[in-house]
Amino acid sequence: MSVIQRLAPQSAVRGVTQAREALEARYTPYFDERLRLRQLVTYVPNKAAPIHRWFQYKEGFSYQLVEMLLREFKADPTRHRIFDPFVGCGTTPLVAKQMGFGAWGIDILPVAVFVAQVKLRGPEVYDLARLRSEIDRLLTTPFHSPSLSAPQDVRIIRLAYEPNTLEQILFFKEEIQRVDNEPIREFLLLGLMSVLESVSYTSKDGQYLRLRRDKKIPAVRDVLRSQLEMMYSDLLGERTQLRLPGLAKTLSDSRGDKRCYIARADARSFIASFDDYADIIITSPPYLNRYDYSRIYSLELCLQFVNEFEELKQIRHSLLRSHIESREPPTNDVHRPALIEILDNLAGQDLNNPRIPVMIKGYFEDMNQVMKQLAQVCRPGARVALVVANTRFHGELIPVDLLLSELAADAGFKVERIIITRYKGNSSQQMGRFGRVAVRESIAIWRRA
Ligand SMILES: C[S@@+](CC[C@H](N)C(=O)[O-])C[C@H]1O[C@@H](n2cnc3c(N)ncnc32)[C@H](O)[C@@H]1O
């Protein structure tokens, strides 16, 4: 039973809803409610999993979800190549690689690309004795004033750190830059990047990077030590796994269909730059929730990828239009009755941000481009699993899972199932004004014709 049908009486959905009800009715036969998967669509299980725990990417899904879907799709490492066009911290290709598949992923956020690249490098890539001695050197070198500086015009950097903490961070960065071995240098840098939030007065909290002046700030050296020791022991653990017969051979075969890599690219327009393909896509696009990855990850971006505010802004504007600061105007090229109904209902409302309709339009236009790219990268019969949540603005429910399924069908996919994994509460602001409505989080399963 669909959410609109189930919740309409108390939902305070206003205005016309026929187009959405028709959409819900059309897809009701495809719904498969599996609420025991509710944890698996979150990052939480990764916090305790070797390698997956190297960097907290709260927007991610779990490694178990990827394992489960690969099993359900009866994926075969000798025949199938795995892809994630919104790779985030790299969970899909990492699990696929560990299970012996060839896999690749792209993302537009430099932090995500970096994290996923480092995590995908197995112990076979490292000189482990050298890595051990570089970790020890880094952690025992006495502090001296660094010559590096942080971007001066990014306000959050000044607010996030005590001057002394920032000096410590820059000192460690400078020491890491001295290492002339790239995998080792990047391993150490990921360690430093992973502790930036814990030594700051910020916390990633829902859609915001919140300032929390009440936080007790640990010494940078102490948290860096625990982080690097944890990462190093995970790498040794992985080496033990590699000794299992068969697996080492698969993982060391980095050629042809077994190659595994991560690249920086835009999911709306990547296809022309890659000579690659996919048999299985397991992914999760940005949700339509105003979430701005360039803001949430501004500390990490400023450590390595951004020298001034203007560069941060460029990254912001390059992201899929799921947030209100995107600049490109809508082109009106997605004409779905349910979308038109939502936009009509929102027109003339006193919205808390007037750019919300522009964002909604832009989001579906962007995802329409993504669907066309995915249709091209998929081999015939390829399966797609796309994790996404519905959303609500000013009381208007937006069935993102079904609207994206419509766009996928237009691009050449057949909708097989919509697995409902949980019902998420709406924001307290929405709840106060428009009542409580749970919105679906789902995994849409499509097959390439
Ligand atoms: C929901 S997260 C994916 C998380 C990932 N499944 C994981 O488990 O780590 C969405 C990702 O889309 C990325 N993204 C945003 N706009 C993009 C674009 N135009 N092209 C590719 N990736 C983009 C974001 O940087 C973010 O990493």
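# Questions on a predicted model

Biologist: In which loop is lysine 215 found?

Modeller: Residues are numbered from 1 along each chain as its sequence is written. This is a predicted model, in which local features need pLDDT of at least 70 and side-chain atom pairs count only at pLDDT 80 or more, while totals for chains, interfaces and linings use all residues. With helices (H or I, at least four residues) and strands (E, at least two) taken as DSSP runs numbered from the N terminus, lysine 215 is found in the loop between strand S5 (208-211) and helix H10 (220-242).

Biologist: Why is lysine 215 classed as partly exposed?

Modeller: A residue is buried if 20 or more other C-beta atoms, placed from the backbone, lie within 10 Å of its own, exposed if 12 or fewer, and partly exposed in between. Lysine 215 is partly exposed because the number of other C-beta atoms within 10 Å is 14.

Biologist: Which residues of the largest nonpolar core touch the most other members?

Modeller: Such a core is a set of buried Ala, Val, Leu, Ile, Met, Phe, Trp, Tyr and Cys residues joined through C-beta atoms within 7 Å. Here the largest has 119 residues, and those that touch the most other members are Val115 and Leu404.

Biologist: How many residues does the contact take from domain 1 and from domain 2?

Modeller: Two residues are in contact if their C-beta atoms, placed from the backbone, lie within 7 Å. On the side of domain 1 that touches domain 2, helix H16 (residues 356-377) gives the most, with 11 residues. The contact takes 16 residues from domain 1 and, from domain 2, 14 residues.

Biologist: Within what arc do the buried residues of helix H15 fall?

Modeller: In helix H15 (residues 337-346) the buried residues are Ala338, Leu339, Glu341, Ile342 and Asn345, and what covers them includes helix H2 (18-27), H16, strand S10 (396-398) and helix H17 (400-411). The arc is that of the directions from the helix axis to the C-beta atoms. Seen down the axis of H15, the buried residues line one face of the helix because they fall within an arc of 160°.
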